Amino acid sequence: MSTPTIPRESLPAVAPAPVGKRPLRVNRLRAGSRHIAPALFLLPTVLVFGLFSWWPIIRSLVLSFQQTNLVEPATWVGLRNYQTLLDDPLLGKAVWNTVVFTGLALLIGFPLPLFLAVLMSELRRGGGLMRVLVYLPVAVPPVVAVLMWKWFYDPDTGLFNEVLGKVGLGPYPWLQSADTAMTSLVVEATWAGAGGAVLIYLAALASVPTELYEAAELDGASVRRRLWHVTLPHMRSILLIMMLLQVINTFQVFTEPFVLTDGGPEDSTVTVLLLIYRYAFVGGDYGSAAALSVSLAAVLAVLSAIYLRLTRTWGTK
Amino acid sequence: MSEAERRRPLTRIGLGTTQLLLIAALVIEGAGPIYWVFKGSISSTQESLRHPLALWPEEAHWSNISTAWTSLDLGRYLMNTVVLVGGSWFVQLFVAVTGAYALSVLRPFYGKYVYAAVLATLFLPGTVSMVSLYLTIQDLPLTGGSIANTPMAVWLPAGAHAFNVLLIKQFFDGIPKELLEAARLDGAGPWRILTRIVLPMSRPILAVVSLLAVMNAWKDFLWPMIAITDTDKQPLAVALPRLADTSDQSLLIAGMLIAIIPPVVVFLVFQRQIVRGIAFTGLK
């Protein structure tokens, strides 16, 4: 990469022997620092990633076959942690709830930002104001957003039942019933997260070449057809990436069920991550918690792999 | 929609109506809840319960906010948050800049392996190693001590953020090599080249990474809750749900308002950069 470091003052190399020694030493020094400097600059990255990312990842795998109480050295227990998980009646429920949350979040939370973005880009005026408004919920810290919605969802005095009561609807139990709790969580999560996706879609929409629209219009395509045949195909890759990211994120949902419902009512909102948290930090069973973490990681990795393969074949079509 | 279509009177009326409706909906959806928290924080609890739909309290209790500040000890939690956010920002930026500089400009032969290992963590969600990360901060390898319950437990793991390294490295890759070469020939060392040439040229990307780092650190909940169990040292986000169970509703809402204001103000001030940054990072 770097050029051979011949100090320029040594170029008129007519000087006698005593001076000739100096360039040599400088050369060796420079050669040394050429190896030391990159290592020094990489040190923070290697240390921080090593201690707080790479090592914990490996350790999770190891820990999933161990039992530890943080005081005595860990003991190997083979597959017993995984057996504990399978014997736990809550596991099936947690997996199902997580899948339901992810599915509902896709159903509600995926098309909505796209719709908003298309609408906003077509309207043209007031774009700056709309962008700020749309992103405002994302700026609210998630915990505050969740506490806020808990207050709105209150069945007796909450805003939602009051408003709906004015038009003769409800009162709805929202978080208090096993039938509606999960949907209520998804609605809150969609409110809290949609803004970021809208901004990304708006940027993607702006990158669609206008000539394509003009050509389609000359061919007599209606607005809807242009949207379907020009805009969406052009945004295919970003849509697929966003979908994958959303699935990965919603699979790890924690704050909503933890703060809003603590998994209830009747365990209807216990999610996989909440179960991991309970194993580790309520039950002190770090081994089983690690086993569940590793299983979750494996599922997410497989999902991503299948997904990336699919998108590659679609992308080249 | 094309210009010709936009000029049709019916379309224009339709567009105008849609525009108004959309803005109204976005005001209610985006600003409404935040206003509602503000209103709730200056209303007495009884009034919030009696007239939940009133747009302004009969009697504004501005003192709620100062009462909440002292009785819930919000100043302390806010300070804790600021310390955690500031340190996380610094560590993230320091690690990403030094790492990206080594990988993009200095390029040691083992750089590609380190970069691959950094990028690999992008595909493994952080929550997956949460439990073992907790055990790691309890008994740190190398130094052997526990950093649990100290700001270090939040600062240092924040630095292991692969996306920052990726973004900054890609930006550094775009700096003309001739420029760095010229500086090297003039005898500038790696540190000088970084501080005098690379960093001043990288202000846009450093701003984006900084803003995202600060906003994300302010939002963090699960990890600070696990890493810092000492209630006196917890940030606002961790303290609020705990306070929610014990405090008077209007005081809690005042606490929520205090937690909302800083990130929302940061967003409103830097919204151009943030909006551009999100669009930019999302499209990468």
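Student: How many residues does each chain bring to the contact between A and B?
Tutor: Chain B brings 74 residues and chain A brings 76; two residues are in contact if their C-beta atoms, placed from the backbone, lie within 7 Å. This is a predicted model, where local features need pLDDT of at least 70, side-chain atom pairs count only at pLDDT 80 or more, and totals for chains, interfaces and linings use all residues. Residues are numbered from 1 along each chain as its sequence is written, while chains are lettered from A and ligands numbered from 1 in the order in which they are written.

Student: OK, new topic. Where is A:Val272?
Tutor: A:Val272 sits in helix H13 (residues 272–282) of chain A.

Student: Is A:Val272 buried or exposed?
Tutor: Buried, because 24 other C-beta atoms lie within 10 Å; the cut-off for buried is 20 or more, exposed is 12 or fewer, and partly exposed is in between.

Student: And what does A:Val272 touch?
Tutor: Leaving aside neighbours within four places in sequence, A:Val272 is in contact with A:Ala94, A:Val95, A:Thr98, A:Leu292 and A:Leu296.

Student: What about B:Met256, which residues does B:Met256 touch?
Tutor: Not counting residues up to four places away in sequence, B:Met256 touches A:Val144, A:Leu147, A:Met148, B:Val37 and B:Leu240.

Student: Last one: how far apart are the C-alpha centres of chain B's domains 1 and 2?
Tutor: They lie 36 Å apart, with domain bounds coming from an automatic or database domain assignment.

Methods:
Helices (H or I, at least four residues) and strands (E, at least two) are DSSP runs, numbered from the N terminus.
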